[in-house]
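Colleague: I'd like a close look at one single part of this chain, and then how that part sits in the whole. Could you walk me through it?

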Amino acid sequence: MPYNLPSAPFLPLVVGSQSWSLGKEADEFTSHQWIVYVRSPAGPNHDISSVIRRVQFELHETFPNPKRVVDHPPFMIEETGWGEFEMLIKISFRDPTQRPIEFSHLLRLYGDAETPSTRSTPVTNEFYDEIVFPSLRDGPKDSEGSASFCAALTQYVAEVTQSKGWKEWKDQEEKDLRFLADIRQKVQQQLRDTALRLTEDSNQPIDLDPRSS
């Protein structure tokens, strides 16, 4: 099926984390082992270092050396701990003319009743995103680094968009968008029905559209 893609050059990637309960080996301060990563949607073994120069993971301040920098694949860190927290992930690109981009990511350690964290079943929290480079819409800037980055990005995207993993992410994205559109349509219908009932009760027209206020 055809997918909606940005009109400018873009970088598809996945940011995520996985955690495992330590079970009987847990203690007061280390109940889980976890990893956090930035990877290709094509899979964890697909090299992304041709376009990403480094990734900085900013952990909770209670960790020793909370700002961890990884400048080679896999762009991942591994730790142990007991608490969930939001971390800042900063991605720098091979093109020196492009500013780094930051993501906030929630490290989840505890699953729900249906999917609890165990030694063999991790709790996974990951999302797909597309970083768009509007400044490269008309080609690379006048620098060798920018030109090589554009070439590497083109090759990377060509490989990713042919992969099963990427298509699964895009299919899920389309499904989520259809779900949200359906919810919005139902809410709008409920507002119209409510306005109609109020109008009939008061004999005055009622406008429940929040955009009109």
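**A proline in a loop**

Modeller: Let's start with Pro134, which is exposed because its relative accessible area is 51%, and the cut-off for exposed is over 50%. Bear in mind that this is a predicted model. Pro134 sits in the loop that runs between β8 (123–132) and α1. If you want a sense of distance, take Glu173: it is 39 residues from Pro134 along the chain, and the two C-alpha atoms are 22 Å apart.

Now follow the loop into the helix. Helix α1 covers residues 144–160. The largest nonpolar core has 40 residues, and Leu11, Leu13, Trp34 and Ile52 touch the most other members. Helix α1 is the top contributor to this core, giving seven residues. In soluble globular proteins, nonpolar side chains tend to be buried together. Ile52 makes a handy example: beyond its neighbours within four places in sequence, its contacts include Leu11, Leu13, Val38 and Phe75. Ile91, Ser92, Phe93 and Arg94 are also among the contacts of Ile52.

Stepping back, the chain has eight strands and two helices, and along the sequence the order is β-β-β-β-β-β-β-β-α-α. Of its 213 residues, 35% count as buried. The radius of gyration is 23 Å, whereas a compact globule of 213 residues would come in near 17 Å. Along the principal axes, the C-alpha trace spans about 70 × 55 × 35 Å.

Methods. Residues are numbered from 1 along each chain as its sequence is written. This is a predicted model: local features need pLDDT of at least 70, side-chain atom pairs count only at pLDDT 80 or more; totals for chains, interfaces and linings use all residues. Side-chain values use heavy atoms; hydrogens and water are left out. A nonpolar core is a set of buried Ala, Val, Leu, Ile, Met, Phe, Trp, Tyr and Cys residues joined through side-chain atoms within 4.5 Å. Buried means under 20% relative accessible area, exposed over 50%, partly exposed in between (1.4 Å probe, protein chains only). Helices (H or I, at least four residues) and strands (E, at least two) are DSSP runs, numbered from the N terminus. Contact means heavy atoms within 4.5 Å. The radius of gyration is taken over C-alpha atoms; the globule rule is 2.2 Å times the number of residues to the power 0.38.
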